[in-house]
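Please look over the sequence and the model shown below before reading on. The report then takes up salt bridges, sheets, aromatic rings and a surface patch in turn.

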Amino acid sequence: MAGCVSPKKIVYFQSDIENGANVRMPEAYVPLIKAGDVLSVQVSSLNLEASTFFNPYAPISQSTPRAQQPTNSPGLPEMAGYMVSATGEIELPLIGLLKVEKLTISQTSALIKEKLATYLKEPTVNVRNLNFRISVLGEVMRPSLFTVPNDQITLIEALSLAGDATIYGRRDNILVVREENGQKTFARVDITRRSLFRSPYYYLHPNDIVYVEPGRARVNNADHFYQIVPAILSALSLVAIILSRTY
């Protein structure tokens with residue numbers, strides 16, 4: 001089967017543009033915090049005891065193994081952090097309500113650090129968005145839902161996490177499903193071409209779905225399998241009848 005597949009269909013980043021040695025990249029995607037996001041806020045300072053007061057979720061995440069935490073959905077552990085309310089706010093100890101909607105992670109860290117200066121000496125703040133997730137499905141080695149540890153992931157990195165597309169997967173017609181402004185958008189991306197790096201779908205957004213559809217070889221193999229199975233079962237039945245009459 002592999003010998004029948006053209007290299008043009010499986011080789012990545014083939015030149016398809018003038019002066020193909022250099023490709024202008026799109027501006028890096030920086031996600032903004034929105035209602036429903038769950039933020040991890042880790043605070044440290046020169047006074048360790050005082051810092052602990054601002055880390056109410058740290059003891060839970062450190063003492064309870066992640067696999068044993070209660071889950072709302074199969075395979076998805078409950079996230080310990082501050083959920084952004086419908087009004088775009090989180091509530092922190094002593095600080096109270098803080099508007100974070102439409103801010104970046106770095107802006108939120110700076111804002112919390114500014115508020116903590118009243119209570120802590122030289123505080124440092126580390127904020128992460130715990131529900132930046134992407135799904136990779138279809139003809140890949142390890143289809144799964146992946147949590148992104150930082151605020152940026154590319155389509156190529158997502159495929160790498162999933163073990164790359166199988167030999168059966170279509171690399172020239174990868175589907176990216178994205179939700180924007182309450183609507184689903186469906187885009188096709190060809191990763192065999194260098195123009196991929198100019199695509200607005202090169203950088204993935206939270207909750208994007210990446211689907212690698214099967215090629216014709218996979219479909220043909222499946223068809224042949226279902227055509228052969230009845231014949232095999234009939235042959236086995238015939239053998240069983242002959243043996244039963246013989247003995």
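## Salt bridges

Glu-213 is buried, because its relative accessible area is 16%, where buried means under 20% relative accessible area, exposed over 50%, and partly exposed in between, with a 1.4 Å probe and protein chains only. The model is a predicted one, in which local features need pLDDT of at least 70 and side-chain atom pairs count only at pLDDT 80 or more, whereas totals for chains, interfaces and linings use all residues. Residues are numbered from 1 along each chain as its sequence is written, and side-chain values use heavy atoms, with hydrogens and water left out.

The side chain of Glu-213 meets that of Arg-188 in a salt bridge, at 2.9 Å from N to O; a salt bridge is a side-chain nitrogen of Lys or Arg within 4 Å of a carboxyl oxygen of Asp or Glu. Because Arg-188 lies in strand S11 and Glu-213 in the loop between S12 and helix H5 (216-246), the pair ties together parts that are 25 residues apart in sequence. Helices (H or I, at least four residues) and strands (E, at least two) are DSSP runs, numbered from the N terminus. Arg-188, at 48% relative accessibility, counts as partly exposed.

The structure holds seven salt bridges. Another of them joins Arg-170 to Asp-172, with the closest N and O atoms 3.1 Å apart; Arg-170 is partly exposed, with a relative accessible area of 30%, and Asp-172 is partly exposed, with a relative accessible area of 30%. Arg-170, Asp-172, Arg-188 and Glu-213 are linked in a network of salt bridges. Glu-179 and Lys-184 also meet through their side chains in a salt bridge, at 3.5 Å from N to O; here Glu-179 counts as exposed, at 53% relative accessibility, while Lys-184 is partly exposed, with a relative accessible area of 46%.

## The five-stranded sheet

Strands of a sheet pair through backbone hydrogen bonds, either parallel or antiparallel. Five strands form an open sheet here in the order S9-S8-S12-S10-S11, and their pairing is mixed, two strands being counted as a pair if DSSP finds at least two bridges between them. At the edges are strand S9 (144-147) and strand S11 (183-189), each of which pairs on one side only. From one strand to the next, the twist averages 20°; the axes are lines fitted to C-alpha atoms, for helices over the stretch in contact, and angles run from 0 to 180 degrees between N-to-C directions.

Strand S10 (residues 174-180) and strand S12 (residues 209-212) run antiparallel and are joined by three bridges, with Val-176 standing opposite Val-210 in S12. S10 is also joined to S11, by seven bridges, and these two strands run antiparallel; Val-177 has Phe-186 in S11 as its bridge partner. S10 and S11 form a hairpin with two residues between them, and Asn-181 in the turn has a positive phi of about 55°.

## The three-stranded sheet

Another open sheet is formed by three strands in the order S4-S1-S7, with antiparallel pairing. Because S4 and S7 stand at the edges with a single partner strand each, one side of each is left without a neighbour in the sheet. Six bridges join strand S1 (residues 38-44) to S7, and the two run antiparallel; Ser-40 stands opposite Arg-128 in S7.

## Aromatic pairs

The structure holds seven aromatic pairs; rings of Phe, Tyr and Trp (its six-membered ring) pair if their centres lie within 6.5 Å, and planes under 30 degrees apart count as stacked, over 60 as edge-to-face and the rest as tilted. One of the pairs, Tyr-57 with Tyr-82, is edge-to-face because the ring centres are 5.1 Å apart and the planes are at 85°. Tyr-57 lies in the loop between helix H1 (48-53) and helix H2 (58-63) and Tyr-82 in strand S4 (residues 82-83), so this pair ties together parts that are 25 residues apart in sequence. Tyr-57 counts as partly exposed, at 30% relative accessibility, whereas Tyr-82 is buried, with a relative accessible area of 6%.

Tyr-202 and Tyr-203 form an edge-to-face pair too, at 5.1 Å centre to centre with 75° between the planes. Tyr-202 is buried, with a relative accessible area of 9%, and Tyr-203 is buried, with a relative accessible area of 12%. Tyr-12, Phe-13, Phe-197, Tyr-202 and Tyr-203 form one aromatic cluster.

## A nonpolar surface patch

Phe-53, Leu-94 and Tyr-119 make a nonpolar surface patch of about 330 Å². Patches are made of residues with over 30% relative accessible area and no salt bridge, like charges being joined within 9 Å and nonpolar side chains (Val, Leu, Ile, Met, Phe, Trp, Tyr) within 5 Å; accessible areas come from the Shrake-Rupley method with a 1.4 Å probe, and for residues only the protein chains shown count as cover. Tyr-119 is placed in the loop between helix H3 (105-116) and strand S7 (124-129), and Tyr-119 counts as partly exposed, at 40% relative accessibility.
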